[in-house]
Amino acid sequence: MKVGDVVKFSKEHTDQPGLDYPKGWLGIIIDKFVSTLSADRMVIMWSIHGGSHISTYDEEWWSQLDYDPFEVVHE
């Protein structure tokens, strides 16, 4: 995934108990940080119910999952 990609939460993620709420969210990766000193992270601006929200996700979170939490909808 790279800056500019349109993403959504993967089916594997939204099928987890209590994690179905972001099922219809679409987002665009607006920044991606690759670091040799700390965890990599990416910033996604989500379109949620007619509004927008910016979230930062770091490698410390997604590396603990046994699935990919995001999938690319459009590059």
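Predicted model: local features only at pLDDT ≥ 70, side-chain atom pairs only at ≥ 80, totals over all residues.
1. A closer look at one pairing: β1 (residues 6–9) and β5 run antiparallel and are joined by four bridges. Here V7 stands opposite V72 of β5.

2. H49 is worth a glance when you check the backbone. Most residues other than glycine have a negative phi, yet H49, not a glycine, has a positive phi of about 50°. H49 sits in the loop between β3 (41–48) and β4, and is exposed at a relative accessible area of 79%.

3. Now the aromatic rings. The count of aromatic pairs is eleven. Take F9 and Y57: their ring centres are 6.3 Å apart and their planes stand at 80°, so this pair is edge-to-face. Because F9 belongs to strand β1 and Y57 to strand β4, the pair ties together parts 48 residues apart in sequence. F9 is buried at 6% relative accessibility, and Y57 is buried too, at 12%.

4. W61 and F70 form a tilted pair, with ring centres 6.0 Å apart and planes at 55°. W61 is partly exposed at 30% relative accessibility, whereas F70 is buried at 5%. Ring pairs link F9, Y21, W25, W46, Y57, W61 and F70 into a cluster.

Methods
Residues numbered from 1 in each chain as written. Heavy atoms only, no water. Pairing = 2+ DSSP bridges. Helix = DSSP H or I, 4+ residues; strand = E, 2+ residues; numbered from the N terminus. Buried < 20%, exposed > 50% of the residue type's maximum accessible area, 1.4 Å probe, protein only. Phe/Tyr/Trp six-rings, centres within 6.5 Å; stacked < 30°, edge-to-face > 60°.
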